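Please walk through this structure region by region.

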Amino acid sequence: MKILVTGGAGFVGSHLCASLLESGHQVICLDNFLTGSKANIAPLQNNSHFELTEHDIRDPLPAGHYDFIYHLASPASPADYSAMPIETLLINSIGVRNVLDLAVAAKAGLFIASTSEVYGDPLVTPQTEEYWGNVNPVGIRSCYDEGKRFGEALTVAYQRRYGMRVVLGRIFNTFGPRMRADDGRAVPNFINQALAGQPLTVYGDGSQTRSFCYVDDMINAFKLVLHKVAEDGAADSSWRDLPLLRIVNLGNPAEMPVLELAEKIKAMCKSDSEIIFQPLPQDDPLQRRPQLDKAKDWLGYEPKVGLEEGLAKVIDWFKASGRLSR
Ligand SMILES: NC(=O)c1ccc[n+]([C@@H]2O[C@H](COP(=O)([O-])OP(=O)(O)OC[C@H]3O[C@@H](n4cnc5c(N)ncnc54)[C@H](O)[C@@H]3O)[C@@H](O)[C@H]2O)c1
């Protein structure tokens with residue numbers, strides 16, 4: 001298949017591009033390197049099935065024939081979106097509109113990368129797709145949370161009008177090699193602090209929970225979506241009459257307090273660093289755990305990589321890649 005990956009030079013996108021190439025697809029990576037890097041896709045550049053288009057999704061996208069589009073382009077880490085709140089909102093509104101227009105014109109299947117942040121600081125746990133969320137519309141995280149919620153609303157509106165074959169994936173915390181050392185997310189933060197002998201900074205008392213999914217499992221879920229959409233599309237030629245929109249949580253349900261994660265990483269890095277506590281940022285969610293029944297029943301998705309196994313790979317990668325923040 002000919003597949004466009006927006007945000008393909010980012011952390012998740014670069015793993016997706018590599019995996020799609022391995023499966024024999026033709027991959028066009030579209031990115032403006034706002035938060036991604038050329039280093040992430042350097043190993044793919046010599047593959048004759050790989051193409052890079054440097055482009056900002058806020059500008060109308062070049063027309064093209066694609067069988068499928070994965071839309072991932074957006075700042076994703078709190079450090080990035082807090083530094084670029086207006087850009088983040090425009091990327092998740094105008095940018096999503098441009099991707100939707102392209103998908104309609106190309107009659108392509110589409111995956112939109114949404115986020116567990118649409119649930120905000122959730123009042124129900126685990127979070128099911130039916131839960132509407134608890135989001136502060138004017139907090140410091142709202143550029144991302146509300147941007148993604150707008151992107152979902154726009155996608156649903158397009159789907160209702162055009163009967164698109166589209167899946168909204170609500171991605172929960174994902175970690176793996178190629179996360180930036182300075183992107184502010186818990187796993188790379190703690191690993192880099194532990195390896196550098198610096199204090200591990202835990203926000204609040206560390207009792208807030210997260211569920212961490214290793215990137216290989218997430219990529220597997222993305223590819224299961226591709227198969228499903230191709231299957232459903234082939235089974236029904238009238239997309240307008242049979243809405244195929246799916247909204248699905250993707251992640252790993254193993255939930256853990258952030259303090260426990262810091263202790264685990266410190267031990268795995270054999271670090272003498274102390275753990276220090278800093279004030280909890282505004283609207284930081286206190287719990288995160290995906291209900292994955294839909295992903296399991298509909299896609300046959302089940303995460304396979306355990307936390308320690310995944311962390312060991314990321315620790316080794318940071319040591320070997322020299323991408324530490326020292
Ligand atoms: N990693 C996670 O834990 C996680 C969790 C929930 C949702 N997501 C979503 O998954 C997607 C990928 O996340 P990631 O962790 O790989 O982030 P990332 O920042 O590493 O990757 C995002 C990519 O999008 C590109 N990009 C940003 N704005 C762009 C623009 N205007 N035009 C073209 N390219 C642009 C960046 O340069 C980067 O390569 C995002 O949409 C994010 O919201 C990720």
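Pro-126 sits in the loop that runs between β5 and α5 (142-162). In this predicted model, the peptide bond joining Thr-125 and Pro-126 is cis, with omega about -5 degrees.

Two other loop residues have backbone angles to check. Phe-33 belongs to the loop between β2 and α2 (38-41), and its phi is near 60 degrees, a positive value in a residue other than glycine. There are 13 other C-beta atoms within 10 Å of Phe-33, so this residue is partly exposed. Lys-107 is in the loop between α4 and β5. Its phi is also positive, about 50 degrees, although Lys-107 is not a glycine. Lys-107 counts as partly exposed because it has 14 C-beta neighbours inside 10 Å.

The strands β1 and β2 come next. Strand β1 (residues 2-6) pairs with β2 in the parallel sense, over 5 bridges, and within β2 it is Leu-30 that stands opposite Thr-6. Of the 5 residues of β1, 4 are buried, and the strand is mostly covered. Strand β2 (residues 26-31) is largely enclosed by the rest of the structure, because 5 of its 6 residues are buried.

The largest nonpolar core has 76 residues, and Val-5, Cys-17, Cys-29, Ile-69 and Ile-191 are those with the most contacts inside it. Helix α7 (residues 215-235) supplies the largest share of this core, 7 residues. In soluble globular proteins, nonpolar side chains tend to be buried together. Beyond its neighbours within four places in sequence, Val-5 is in contact with Gly-13, Leu-16, Cys-17, Val-27, Cys-29, Tyr-70 and Leu-72.

Which residues are closest to the ligand? They are Gly-7, Gly-10, Thr-35, Gly-36 and Ala-76, out of 27 residues that surround the ligand. The shell is made up of 13 nonpolar, 11 polar and 3 charged residues. At least two shell residues come from each of α1 (11-22), α4 (85-106) and β5 (109-115). Helix α1 gives the most, with 3 residues.

Confidence in the model remains to be considered. The protein has a mean pLDDT of 93, and 95% of its residues reach 70 or more. Over residues 238-242, however, pLDDT stays under 50, and the model has 7 contacts beyond four places in sequence for this stretch. Where pLDDT is low, the predicted coordinates should not be read in detail.

Note on methods:
Residues are numbered from 1 along each chain as its sequence is written. This is a predicted model: local features need pLDDT of at least 70, side-chain atom pairs count only at pLDDT 80 or more; totals for chains, interfaces and linings use all residues. A residue is near a molecule or strand if its C-beta atom, placed from the backbone, lies within 6 Å of it. Ala, Val, Leu, Ile, Met, Phe, Trp, Tyr, Cys and Pro count as nonpolar, Asp, Glu, Lys and Arg as charged, and the others, Gly among them, as polar. pLDDT is the predictor's confidence in each residue, from 0 to 100. Two residues are in contact if their C-beta atoms, placed from the backbone, lie within 7 Å. A nonpolar core is a set of buried Ala, Val, Leu, Ile, Met, Phe, Trp, Tyr and Cys residues joined through C-beta atoms within 7 Å. A residue is buried if 20 or more other C-beta atoms lie within 10 Å of its own, exposed if 12 or fewer, and partly exposed in between; C-beta atoms are placed from the backbone. Two strands pair if DSSP finds at least two bridges between them.
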